[in-house]
Structure formats: structure tokens, C-alpha cells
Amino acid sequence: MPAEPGPRPARHVLVLGGTTEARRLAEALAPDPSCRVTSSLAGRVTAPVLPPGETRVGGFGGIAGLAAWIVAHEVTHVIDATHPFAERMSFHAAEAQALTGVPLLALRRPGWTPEPGDDWTFADSLAEAADRLPGLGARAFLTTGRMGLHTFAHLTDTWFLVRSVDPPAAPVPPRLEVLLDRGPFTLAGERELLARHRIDVLVTKDSGGSATAPKLTAAREAGIPVLVVRRPAVPEGVREAGSVATALNWLGSAETS
């Protein structure tokens, strides 16, 4: 006689993931039999580190597709734990919340802040960073990700060192060396890299977190200016959490509200 099916989990949490925080959240939720957790990954990395629980890879087909998936799979909570610069996905999540009424939380690690000795210049976009870069240095360590590399392709006089998990696609700057690597990175390694490549300017997004922060310390020690692209704001009206612990507390309060 077939076994009786177990009780349906009380919650189905959809985690829009791809970050360390998203994976840690899934790790915290997966052992709970009262919770079903599904992590959604964009699929832009060839060999992503898969979190525990259920996973899906690829887009939803826009706002309507995401809302339909939430309803069809009886999602009770959505946590947007995408990269702080995944602005399009965050907007879709906010619009899907408006359509479905399912509670939404944006999980965002705190951004970086300059420390004494730092020489930071801020830009509001990659395009603005590309405009400012020639006045700051000639040998740039570009750590803004491969997806926006085309923004710098017209800079023919700047030499670029680019670090990414997967190889970038054209168009790219003509004077370019690609370093395929995945964080976390050590301070000793970042010091050696800056010195070996004679880097005189660092370009980065304000991603926050500790995995890639050592490059900022190494730049400060070497007296190298840093061009920082500010992160976009969380969509208006969406509640924000700065840690996995806070997100878990929100899930508990949302469950009883």
C-alpha cells in the first residue's frame, strides 16, 4: 500500500537568488519541514553553486510570467536576494507583488563606505564611470562584471584587467586582459595582483559584502584611487533587510501577520 503523502508545507518561499545571502537563506530554510524553498537563478553563470532545496534556472518571462509562477506554485513569500545591481529583476519582483499581493522582502547586504586613506570617486552608472575613468588612471582593474563591459569598449587608451567568473563577450575594450576567477579573494592576493599588473585605478560596483572587499583595502594601502558605481535604490514601497537573520525574522512575522 503506498505511503500517505506528508503534510503540505505551510510556507513556500521563492528566493530570487544568485548571491551568497540567497544561498545562506536557502540553507537556513531547507531543513524546516514546514517550509518549501525554491531558489531562482538567472542562469548567467556557467556552473553556479546550487543552494539546497528546489532550484529553477532562467527568466520567468517578465512581470506577468513571474506573477503567474507565484500563483501557480502557491508561493507565500518572495525574497529578492539578487545582486544589488540586478535592478530589472527587483523591479519585476515589486510589480509582481502588486499583482499577486504576496509579501515581498528585498535582502541586500550593506554597501561599502570609504575609510580614512581612501580616495574614492563616485558614479551613478557604468556610463558615467566610463566617462570619469580616463582622468583617474591608465591601467584599470575593472571589477564591475562582464555584462557591462561593453560600456568601456570605446576607451582605446586605457589598459584593462577584468576579473569575472565566465569569459566576457564582445564588444570589449581593445587593450584587455581577462582573469577568470571566483571570490572570495584574499588581501594578500589582491595586493600581489595590483602590484604585478601595475594597476593605477580600481573600478568597482558598490556590491558590499566581504568576499570582494579586500581589493578596497589593497587599493587604500597602495594609494590607488577607486571609482565606485553607486547601487540602485530598492523599488519604492518594498521592505528591505540587511542580513539573512533579519530576513528570517521577517518570514516569522509575515507568517503570523
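A106 touches D80, V234, V238, R239, E240 and A241, leaving aside residues up to four places away in sequence. Contact here means heavy atoms within 4.5 Å. The model is predicted: local features need pLDDT of at least 70, side-chain atom pairs count only at pLDDT 80 or more, and totals for chains, interfaces and linings use all residues. Residues are numbered from 1 along each chain as its sequence is written, and side-chain values use heavy atoms, with hydrogens and water left out.

A106 sits in strand β5 (residues 104-107). Strands (E, at least two residues) and helices (H or I, at least four) are DSSP runs, numbered from the N terminus. A106 has 1% relative accessibility, so it counts as buried. Buried means under 20% relative accessible area, exposed over 50%, partly exposed in between (1.4 Å probe, protein chains only). V15 lies 91 residues from A106 in sequence, and their C-alpha atoms are 10.0 Å apart.

Now turn to the sheet. Six strands form an open, parallel sheet in the order β6-β11-β10-β7-β8-β9. Strands pair if DSSP finds at least two bridges between them. β6 (120-123) and β9 (176-180) stand at the edges with a single partner strand each, so one side of each has no neighbour in the sheet. From one strand to the next, the twist averages 20°.

Strands β7 (residues 139-143) and β8 (residues 159-164) pair over four bridges. F141 stands opposite L161 in β8. Helix α5 (residues 187-196) packs on the sheet, touching β7, β8 and β9, and its direction makes about 155° with that of β8. Axes are lines fitted to C-alpha atoms, for helices over the stretch in contact, and angles run from 0 to 180 degrees between N-to-C directions.
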